[in-house]
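Thanks for coming. I will go through the contacts in this structure, starting with charged pairs and ending with helix packing.

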Amino acid sequence: MQAMTFDDQTLMAYADGELDEAARAAVTAAMAADPQLAQRVAEHRELRRRLQAAFEPVLAEPPPARLLASARAAGVPGRVIPLKPRAVPRWSWPQWAAIAASLVIGVLSGALLLRPGTGAGPILARNGQMLAGGVLASALTNQLSGTQPPNAAVQIGVSFRTRDGIYCRTFVLQAAAALAGIACRERGSWQLQVLAQSEPGRSARGAYRPAASNLPPAVARTLDALIAGEPLDAAAEAAARTGNWSR
Amino acid sequence: MPAPEADLRAGLIALLPRLRRFARALCGNTHDADDLVQVAVERALTHAAQLRPDSQLAGWTFGILRNAWIDEQRARGRRTRLFAAAESGENVADPAHPPPSELLAVQAALARLPDEQRLAVALVLIEGLSYKEAAHIMQVPIGTLTSRLARGRETLKELLA
């Protein structure tokens, strides 16, 4: 009997388990009679096995904190205001502080309550450093990410520790503009590490409205740069609050 | 509707390892891949209303990630044409987690495939989806999928031999 011939796509589909029963039986029978055919199927299977094995370790990696934070609070990416450069080789800190401060004031003017000296606004400037004040400071100190009301003006994303053991938290502040950022607890106050403006989540005909705006990429990258290990779980977060976020 | 939203968020978190693997197969470098996953997760949450109750979250989200990747490829193509920019930092590795050399070899081979072939290989061979599911995500007929898959496989076999 003349050996049946099969094109490569049929053999590939056989190796992938995509043939119907009749075609599958025909290929199986032909393979038994034709070692070359069996060899070609084995090569398809081997490539599949090799690719899967190569990527298997990716599944075991813990997802970066910024992706977890995104899944918990998402919306639309916005403009970015770096408050503290992470790795800026050319510019010194005082230049950055001045630029950052002017940017922030430009973005916030009118939209947010930046009232230096009164302590009532959510963002304060003190000695060239941006600090959380008012509702933002209060939420950072008191709110737990698992139990916050969905309509709160400040939504906490994740809490984590830096390599130095300092506590930091991501937040989204809903005001006239939505601002996402990271604040770290240093010397008894919440110092802002990065702040980015983002649009509030669009309500698609009222069908869905995210509880908070997203974590813009600059905030996400700062998070990845600062975090040591995993974000705090609910118990660790509650314990940190009890300890007033001190190291 | 807090319950479905919470379900969706939990579902996406559970899906993150697979989304990262899929994106890594498409992008090569970890940072770009995670950026892509982030975009996909955010779009999934923004468009939650479009998820039908009978559709699979994995397939739906893979489709969103695929579309985001194509958008990014087009934007990158425009930038390259406009500025002929050297892709600095293209292969930034995370020093804390050096990828296994086998993964690097496979990624290098995948990177040489045309985008559509790489997509077919990633969905079927790495993610283990059926031809039907993969064709649906790629928005092409099954015949188109299988021919892309066959050509991609052929090239990979030579590159990895």
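A salt bridge here is a side-chain nitrogen of Lys or Arg within 4 Å of a carboxyl oxygen of Asp or Glu. On that criterion, a search of the whole structure finds 17 salt bridges over all chains.

Some conventions before I go on. This is a predicted model, where local features need pLDDT of at least 70 and side-chain atom pairs count only at pLDDT 80 or more, while totals for chains, interfaces and linings use all residues. Residues are numbered from 1 along each chain as its sequence is written, chains are lettered from A and ligands numbered from 1 in the order in which they are written, and side-chain values use heavy atoms, with hydrogens and water left out.

Between chain A and chain B the salt-bridge count is six. One of the pairs in the model is A:Glu43 with B:Lys157, at 3.9 Å, N to O. A:Glu43 lies in helix α3 of chain A and B:Lys157 in helix α7 (residues 142-160) of chain B, so this pair joins two chains. Helices are DSSP runs of H or I, at least four residues, numbered from the N terminus.

Now the interface as a whole. 43 residues of chain A are in contact with 44 of chain B, contact meaning heavy atoms within 4.5 Å. The two chains bury about 4,200 Å² between them, 60% of it on carbon and sulfur atoms; that is the accessible area (1.4 Å probe) lost on putting the two parts together, summed over both.

How are α4(A) and α2(B) oriented to each other? Helix α4 (residues 65-72) of chain A and helix α2 (residues 30-46) of chain B pack at about 10°, their axes 9 Å apart. Axes are lines fitted to C-alpha atoms, for helices over the stretch in contact, and angles run from 0 to 180 degrees between N-to-C directions. The two are therefore roughly parallel, the label for angles under 35 degrees. On the α4(A) side the contact is made by A:Arg66, A:Leu67, A:Ser70 and A:Ala71, and α2(B) contributes residues including B:Asp35 and B:Leu45. A:Arg66 and B:Asp35 also meet through their side chains in a salt bridge, 2.8 Å from N to O.

Last, a pair within chain A. α1(A) and helix α2 (residues 21-33) of chain A pack at about 100°, with axes 10 Å apart. They are therefore roughly perpendicular, which covers 65 to 115 degrees. Here A:Thr10, A:Leu11 and A:Tyr14 in α1(A) meet A:Arg24, A:Val27, A:Thr28 and A:Met31 in α2(A).

Technical notes
Angles under 35 degrees count as roughly parallel, over 145 as roughly antiparallel, 65 to 115 as roughly perpendicular and the rest as oblique.
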